[in-house]
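I opened this one to see how its parts are held against each other. My notes follow the order in which I looked things up.

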Amino acid sequence: MLLDRRRLLTSALTLGAMHAFPGLSLAQARPLVFATFTGSWEEAHKAVLVPAFRKANGDAGIVLDPMLSVDQIAKVNAAKANPPIDVMLHDPGPALVAIGQDLVEPYPTDKSTYFKDLIPEAQDAMGPAPFFQVVGLTYNPETVKTPPTSWADLWKPEFKGKVGITNLNSTLGTGWLVEIARMRGGSEANVDEGFKALEELKPNLAAVAANPGALATLFQQGQIDISPGNFNAIQILKARGVPVEFVAPKEGAIAFKTTIHIVKNSPNKELAFKLIEAALSPEVQTTLMNPPYLIVPTNTKVAMSGEIAKVLAKDTAELKKKFVFQDWKKINEQRASWIEKFNRDIKI
Amino acid sequence: MKSATTAPGDVTSFSLGLALPLGLAFAIFFVLPLAQLVYLSLHNDTAATVWGLGQYVKFLTDPFSLAVLGSTLLLGAEVTLTCLVLGYPIAWLYQRSGSRVQTLIIMIVLLPLLTSVVVRTFAWIVILGRQGIINSVLQSLGLIGTPLRMIYTQGGLIAALAQVQMPLMVLPLITAIGRIDPNLSDASASLGAGSWRTFVKVMLPLSMPGIIAGCTLTYAAAITAFITQSLVGGGQMLFMPMYLYQQASTLQNWPFAAAISIIFLFAVLAIVALFSTLGRRARGYGDAR
């Protein structure tokens, strides 16, 4: 029998795993599968989270299977009894869908070392939030000389034909609509004011992108000069030399929890727990906060520094003051009808 | 039929057995999921527990949904026509050129197929953008003051889709035109027909099978081109693939998404059937010469 390197490695891993978990049956002997997001998330997790997890758990086998939230839900749904994924990562909207469809195991909070150190918004018993995504104003400093300070600046006549937004398919687009509605007296339960504001924004709109990624690239083409944007997406563009800056508007930057969950019926529950613990640990969160990742931490033990301290918040107290959290349970209830209204009404 | 299958060495008796692997793969990976899709679409609620035709009624009685279907089918027609008008001369030129130029033309036609659709589509964003090639040329010539808005418009989308799908039109055309006996156009000319008359009466009917094949391929590819549609068309131009994606992915409304797919499938099948009927008639026309 020919033993190549890969087979040798697999055998070694399997033997190692069987040694570590004597009760492991043949059917369960697959490595931990972590469905992270594609792109910069995958890079960050491959470079930081996975090595930290493996170091703490005797080089346990782990596979990253990056895919969108909705695909994670679909895959787990298709094989509930024997899910192909052990750990899911979700935006707030899909997280509630996954919990609602009973695909998620409650997080063993009493066993967890770090859960109690998270800021209260991140302490979700169905799956804690190891990171935040932050949405604020993005602009091109070469064409926009006075930095914007408020969401309301998007309506200024000087930005005629210069504003970009995304449709409501994305968390960013939906969250932003809610924030605009709030600014004008609406709420998660009532975004009518937000739609009125969108109507008034039409002369300024240069583009309604299909997703946040496509929106960000429009800065490169000079197609838009200002838009709501994701802090991390903007940092990536900035690092590549695109003239973009991020500011938190005075109404508060929108913070989305990115939550991490143990999949129900996972054959690797213990390892899944260990991976999530690693994601919550101050060590991993500190590394991920530093360049080039600049991911906003949720563990209060992490001292904010660098670009995040400069642009977003110096510490947890300021973070809570400057961030706006939204009630996605309420948002999910009506999201379908908002998308329908957006489909019909927003034509430029 | 019976005597045919029992006859030794008859090639037709092998055909079924040899087609079995592919047939089986089709049954498992295509027919079965399709049946599942139909099953899913016949439910009135998102959890797929209540049977009913509600999703179809919802789509077919909703002017907005019908408008999305209509604009998608129209987009396909516009792209197909653009490809045909631009592609036919290329195929024509190919048949009239020496072998070196022919290789060059084939290279140019095939080149887009060698890069990913995403890359080709992004190139169009660069070309059509505010600071893109077209706008900067027009501006430096002093023809326009402010940049024209070209991406996220129907016109820009048609241009991009036409380029992306062009090989699907040109390749069948080259084959079809290549099969035409060049003596026929000489004969037509010697009988006193002008070049235009020769083209309309002789070349066009004879190249009809290629036109039909090219149009069918281009049409099907253009209306389902999710990536190009969303990147060049933008988020406010809604076509069937994006509508479907929105319902399935963002809203997790699978029964409605399934119904949209089935309706879309039948709409496309109807168009393809129309093309192939035209194709049969064209072939009849060709035989009758």
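These entries go from ground rules to domains, chains and cysteines.

**Ground rules.** I am working with a predicted model, in which local features need pLDDT of at least 70, side-chain atom pairs count only at pLDDT 80 or more, and totals for chains, interfaces and linings use all residues. Residues are numbered from 1 along each chain as its sequence is written, chains are lettered from A and ligands numbered from 1 in the order in which they are written, and side-chain values use heavy atoms, with hydrogens and water left out.

**Domains of chain A.** I started with the domain assignment, whose bounds come from an automatic or database source. For chain A it gives domain 1 as 29-131 + 257-312 and domain 2 as 133-255 + 326-345. I looked up the spacing next: the C-alpha centres of domain 1 and domain 2 of chain A are 27 Å apart.

How many residues of domain 1 of chain A are in contact with domain 2 of chain A? I get 19 residues of domain 1 in contact with 14 residues of domain 2, where contact means heavy atoms within 4.5 Å. The area buried between these two domains of chain A is about 1,300 Å², and carbon and sulfur atoms give 60% of that. Buried area here is the accessible area (1.4 Å probe) that two parts lose on being put together, summed over both.

Then I checked charges. The rule finds one salt bridge across this domain interface of chain A; a salt bridge needs a side-chain nitrogen of Lys or Arg within 4 Å of a carboxyl oxygen of Asp or Glu. Glu307(A) forms a salt bridge with Lys238(A), and their closest N and O atoms are 3.3 Å apart. I also have seven residue pairs in polar contact across the interface of domain 1 and domain 2 of chain A, both residues at pLDDT 80 or more. Polar contact means a pair of N or O atoms within 3.5 Å; within protein, one must be able to donate a hydrogen and the other to accept it, and residues adjacent in sequence count only if both atoms are side-chain atoms.

Which elements supply at least two residues of the domain 1 side in chain A? They are helix H2 (40-56), helix H4 (92-100), strand S10 (253-263) and helix H11 (306-311) of chain A. H4(A) gives the most to that side, with four residues. Helices (H or I, at least four residues) and strands (E, at least two) are DSSP runs, numbered from the N terminus.

**Two loop residues in chain A.** I picked Pro249(A), in the loop between strand S9 (245-247) and S10 of chain A. Pro249(A) counts as buried because its relative accessibility is 4%; buried means under 20% relative accessible area, exposed over 50%, partly exposed in between (1.4 Å probe, protein chains only). Pro249(A) and Val135(A) are 114 residues apart in sequence, yet 9.4 Å apart in space, C-alpha to C-alpha.

My other pick, Asn204(A), is in the loop between helix H6 (192-201) and S7 of chain A. Buried or exposed? Asn204(A) is buried, at 6% relative accessibility. Beyond four places in sequence, its contacts include Trp155(A), Pro157(A) and Phe159(A).

**Chain A against chain B.** I count 30 residues of chain A in contact with 26 residues of chain B. The two chains bury about 2,500 Å² between them, 56% of it on carbon and sulfur atoms. One salt bridge turns up across this interface: the side chains of Arg344(A) and Asp62(B) meet at 3.2 Å, N to O. H13(A) gives the most to the side of chain A that touches chain B, with five residues.

**Chain B itself.** I find 14 helices and zero strands in chain B. Its C-alpha trace spans about 80 × 70 × 35 Å along its principal axes. Buried residues make up 41% of the 289 residues in chain B.

**Cysteines.** I searched all chains for disulfides (a pair of cysteine sulfur atoms within 2.5 Å) and got zero. Cys83(B) is buried at a relative accessible area of 0%, and Cys215(B) is buried at 8% relative accessibility.
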